[in-house]
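Biologist: I would like to learn how to read a few features of a structure. Can we take them one by one, with the general idea ahead of the case?

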Amino acid sequence: MFRFRAHTVTLVALTVLTACGGSDTTPKRGAIVDSRDTYDPRSFDPALSTDVPTGRAVGYVFEGLTRFSPDAQVEPALASSWTVSPDGRIWRFTLRQNVKFHDGSAFTAQHVVSSFTRVLDPKTRGGRGWPLFPIAGANDFAAGKAASISGLKVENDSIVVVTLTEPFAIFPKLLAMPVASIVPTTIGADFGEKPIGTGPWKMVEWKHDDFVRFIRNETYWGTKPLEDSLVARIIPEPSTAVAEFESGNVDILYIPEAETRQWEQTEEKKALLQAAPVLRLWYVALNTTRGPLADVRVRRAINHAIDTRAILTQLLGGRGRLAAGIIPPALDGSDTTRAPYAHDVAKAKQLLTEAGFPGGLTVKLWCSQDATQSRVAQAIQGYLKEAGITAELVQRESASMREAARKGDADLVLKDWYADYPDAENFLYPLLHSANAGVGGNVSFFRNAAFDSVVTASRRETDITKRTALYVRADSMAFAQAPMVFLWFYNELYAVQPWLKNWSAPTIFNGQRMIGARIDHSTP
């Protein structure tokens, strides 16, 4: 765990209010205060970006060749434009002119090559270099088998050419991920604490486990933030965050699941809410290699046995949409007309009988020790029992649960998947393609040659209409084969102070850079 030096500026100075009247009093401060993070960023080094708080913070300070908008559209960032060869392998990026790093040094094409090389260098030990693996020679370099990355070439100061091993139509989306951010050629040993990027914000203070403070980059090449500063509060306890919001000390609050109904049913509070259909799937992976679970009829029976609507409503405040496939409705390729598996105990028992298990069966259901996951797992256990399926709960801390799932030691595993980038491929390929069985993310160990073929074709298809059709087809195949229990696509819910204007909840975690957000001091 990183530790950081003490600072003399306190957060109290950042959050002086006009009165103690709570959230109906507009603050005098010029800083936007965000309380969505419950733990510290891992580091400000993009190469070490492995979680949401880190990725969000990196997105304020750094930029990649591309970026995401709040509604998850890919946009030009440090690359002003790009072209791709007819065979889909050679990408030519034209870079923006007159871009400066926070230390005043100029950004050039060489920084792209050095940044990508640094991420993939085995010495960096970042652990998240996979978004760059499509680049020719990247895997060999990362494995220490090559001295450089053959697919990276500087044409001149403003053009970089990237050659891929094979066509990958959505490659620009991967370049918007935090790990692909561009950094200076020379960085210090304390770079993770004293970051230098090209982004709209500069990080100026980090009080460990308390807050991170950013100030506007006055030399930013694009549209500058409207506010002078931004503060990311680190508040582990949800009730504390709620109290801080109600006191007017923070502007953005993540609503705890347990308080959803209270906020939605109180008119004054309801007026402050914003919902975002985030790219997050809750599901139960069914290990298709373990005993009865190899039979699709058993897997369908498990889907029919569980009342997903009741669980979503009662335990998560209805914050989500029932899943009828693996692709979120917000993405191209989702078939929003398909109905989810209906809760039908009689149908579940019939399928079990047809599969040769008229007396039911016994499985082990793994879950983490997270309180919400534990309650959901217990509810699933109860519904399965009604259908004659005995589910023994196995609760472990998250790392142990993941390890067991990846090794194939678990029958059923309750999991959630938060997209790394906004594309159906990021659900179909890692969660169900046979190439990713086990460690790669496919803990259902689902292997279906026809499904693999369609997904592989979609990754190479450059025509978006044809690619979307392939996504729809693959999703339909997965739904029919039921390698998982399709639970729901989660909605995140936020409360936003009435004085904070022009802020919208992002679909993807690094899609909101706080550029246009501002505090309206005229709000009563």
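Biologist: Which residues form one aromatic cluster with F44 here?

Modeller: A caution to begin: this is a predicted model. Rings count as a pair if their centres lie within 6.5 Å. In this structure, F44 forms one aromatic cluster with Y60, W206 and F214.

Biologist: How many aromatic pairs does a search of the whole structure find?

Modeller: The search finds 19 aromatic pairs. Take W282 and W488 as one of them.

Biologist: Where in the chain do W282 and W488 lie?

Modeller: W282 is in strand β13, residues 280-286. W488 is in strand β18, residues 484-490.

Biologist: Why does W282 count as buried?

Modeller: The cut-off for buried is under 20% relative accessible area. W282 has 3% relative accessibility, so it counts as buried. W488 is buried too, with a relative accessible area of 0%.

Biologist: Why is the pair of Y418 and F509 edge-to-face?

Modeller: Look at the angle between planes; over 60 degrees counts as edge-to-face. The planes of Y418 and F509 stand at 90°, so this pair is edge-to-face. The ring centres are 6.4 Å apart.

Biologist: Which parts does that pair tie together?

Modeller: Y418 lies in strand β17, residues 412-418. F509 lies in the loop between β20 (500-501) and β21 (518-519). The parts are 91 residues apart in sequence. As for accessibility, Y418 is partly exposed at 24% relative accessible area, whereas F509 counts as buried at 11%.

Biologist: Back to β18. Is it mostly covered or mostly exposed?

Modeller: Count its buried residues. In β18, 7 of its 7 residues are buried, and the strand is mostly covered.

Biologist: In what sense do β13 and β18 pair?

Modeller: Strand pairing is read from bridges, with at least two needed. β13 and β18 pair in the antiparallel sense, over 5 bridges. Y283, for instance, has F486 in β18 as its bridge partner.

Biologist: How many bridges join strand β14 to β18?

Modeller: There are 3 bridges between β14 (residues 320-322) and β18, and these strands run antiparallel. R321 stands opposite F489 in β18.

Biologist: Next, charges over rings. Which ring does the charged end of R36 sit over?

Modeller: Check the distance from the charged end to the ring centre. R36 sits over the ring of Y494, 6.0 Å from its centre. R459 lies over the face of Y429, at 3.8 Å from the ring centre.

Biologist: Now pockets. What is the volume of the second largest pocket?

Modeller: Its volume is about 300 Å³. Then read the lining. The second largest pocket is lined by 17 residues. Q73, K173, D332, P422 and D423 lie nearest its centre. Helix α15, residues 464-481, gives the most to this lining, with 4 residues.

Biologist: Last, where is Q97 found?

Modeller: Q97 is in the loop between β5 (90-95) and α2 (109-120). At 53% relative accessibility, Q97 counts as exposed. Q97 and E267 are 170 residues apart in sequence and 50 Å apart in space, C-alpha to C-alpha.

Conventions: Residues are numbered from 1 along each chain as its sequence is written. This is a predicted model: local features need pLDDT of at least 70, side-chain atom pairs count only at pLDDT 80 or more; totals for chains, interfaces and linings use all residues. Side-chain values use heavy atoms; hydrogens and water are left out. On a 1 Å grid over the protein atoms alone, a cavity is a set of points where a 1.4 Å probe fits but cannot get out, and a pocket is an open set with protein on both sides within 12 Å along at least five of seven lines; lining residues have an atom within 4 Å of a point. Grid points are joined across faces, edges and corners, and a volume is the space filled by probe spheres set on the points. Helices (H or I, at least four residues) and strands (E, at least two) are DSSP runs, numbered from the N terminus. Rings of Phe, Tyr and Trp (its six-membered ring) pair if their centres lie within 6.5 Å; planes under 30 degrees apart count as stacked, over 60 as edge-to-face and the rest as tilted. Buried means under 20% relative accessible area, exposed over 50%, partly exposed in between (1.4 Å probe, protein chains only). A charge sits over a ring if NZ of Lys or CZ of Arg is within 6 Å of the ring centre and within 35 degrees of the ring normal.
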